[in-house]
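Open the model in your viewer and keep the selection panel handy.

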Amino acid sequence: MHETLFISDLHLDRERPQIIELFQRFLSQEAAGADALFILGDLFEYWIGDDACAPPLEPVIAALKNLADRGIPLYLIHGNRDFLIGKEFARRSGCRLLPDAQVIDLYGKPTLIMHGDSLCTDDVAYQRFRRIIRSRILQRLLISLSVAMRQNIAKRLRNKSRQEVQRKPTEIMDVNQQAVEQIMNQNDVTRLIHGHTHRPKIHNFGLNGRAARRMVLGDWYEQGSVLRCKAKHCKLDSVL
Ligand code: LP5
Ligand code: MN
């Protein structure tokens, strides 16, 4: 059974051990038979550096490594919560880090994969924040701080973000269709897979006279969302 799996927005956190367990089961049962597994960002609730992995998350790294050692290719894109995942995590988990906006060959069909946050261009305040927080110089500075200081900053940012998200109109927190079409054109693709918005759906639309498709992954707060792609078609599903 040739199948490639896509997941995102698991937001793994020590406070939700049942989702950590669900993910471990997914890795050992479903992903073990896949051609590849792509994790499109926000695997973790937040990540403040590879040197500060909380012990309850260690088994996740071991489970990923186990899968990689069994020959299943694992790929990871950063999300807006875990963009500080680095080379050490990649080495220990056996995941290959991909840049945001990567074209992959999905059974012969060029497919663009992203986290999706960069497509939410109507959320101007977030895009401004993103440019700053994702700058290399700031990241290098953040990573040089003590774990306690980083924890503190992450907590403040989460609190601020929670307040902001509550007050923002929900429409501006979805992707902007023009931004979608622009990046698809730039990469010459008619298929896009992303997460971030937690609005699982397959959108069909026309792009320069061709049929295009945007497949949006859901989150793992209540249950696991997975996109299963075979050579002929992709299906949005829940994990078993
Ligand atoms: O995360 P989510 O989905 O709830 O909301 C996002 C956008 N918010 C974010 C911020 C993250 O949640 C913050 C957590 C990151 C922790 C990672 C490690 C931190 C590194 C530092 C430690 C070393 O991404 C949210 C979007 C929403 O998606 C929908 O797309 O709207 O955007 C915001 O809320 C951003 C605000 O609009 C602007 C925030 C300005 C913050 C100013 C700094 C405050 C003071 C910080 C103290 C140092
Ligand atoms: Mn996200």
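What volume does the largest pocket have? The largest pocket comes to about 1,100 Å³. A pocket here is an open set of points on a 1 Å grid over the protein atoms alone, with protein on both sides within 12 Å along at least five of seven lines; a cavity is a set of points where a 1.4 Å probe fits but cannot get out; lining residues have an atom within 4 Å of a point. Points are joined across faces, edges and corners, and a volume is the space filled by probe spheres set on them.

Before you select anything, note that this is a predicted model, where local features need pLDDT of at least 70 and side-chain atom pairs count only at pLDDT 80 or more, while totals for chains, interfaces and linings use all residues. Residues are numbered from 1 along each chain as its sequence is written, chains are lettered from A and ligands numbered from 1 in the order in which they are written, and side-chain values use heavy atoms, with hydrogens and water left out.

Stop 1: Select Asn80, Arg81, Tyr126, Arg158 and Ser161, the closest to the pocket's centre of the 36 residues that line it. Next, colour helix 6, which gives the most to this lining, with 10 residues. Helices are DSSP runs (H or I, at least four residues), numbered from the N terminus.

**Stop 2: ligand 1.** Show ligand 1, which takes up the space of the largest pocket (more than half of its atoms lie within 2 Å of the grid points). Of the 21 residues around ligand 1, Asn80, Arg81, Asp123, Lys168 and His196 come nearest; a residue counts as near if one of its heavy atoms lies within 4 Å. Helix 4 (124–133) and helix 6 (147–167) each supply at least two residues of this shell, and helix 6 has the largest share, 8 residues.

**Stop 3: polar contacts.** Zoom in on pairs of N or O atoms within 3.5 Å. Polar side-chain atoms lie 2.5 Å from a ligand 1 oxygen at Arg81 and 2.6 Å from a ligand 1 oxygen at Asp123. At Ser161, a side-chain N or O atom is 2.9 Å from a nitrogen atom of ligand 1.

**Stop 4: the cavity.** Finally, select Leu22, Arg25, Phe26, Gln29, Glu30, Val239 and Leu240, which line the largest cavity. This cavity has a volume of about 30 Å³.

Conventions:
A polar contact is a pair of N or O atoms within 3.5 Å; within protein, one must be able to donate a hydrogen and the other to accept it, and residues adjacent in sequence count only if both atoms are side-chain atoms.
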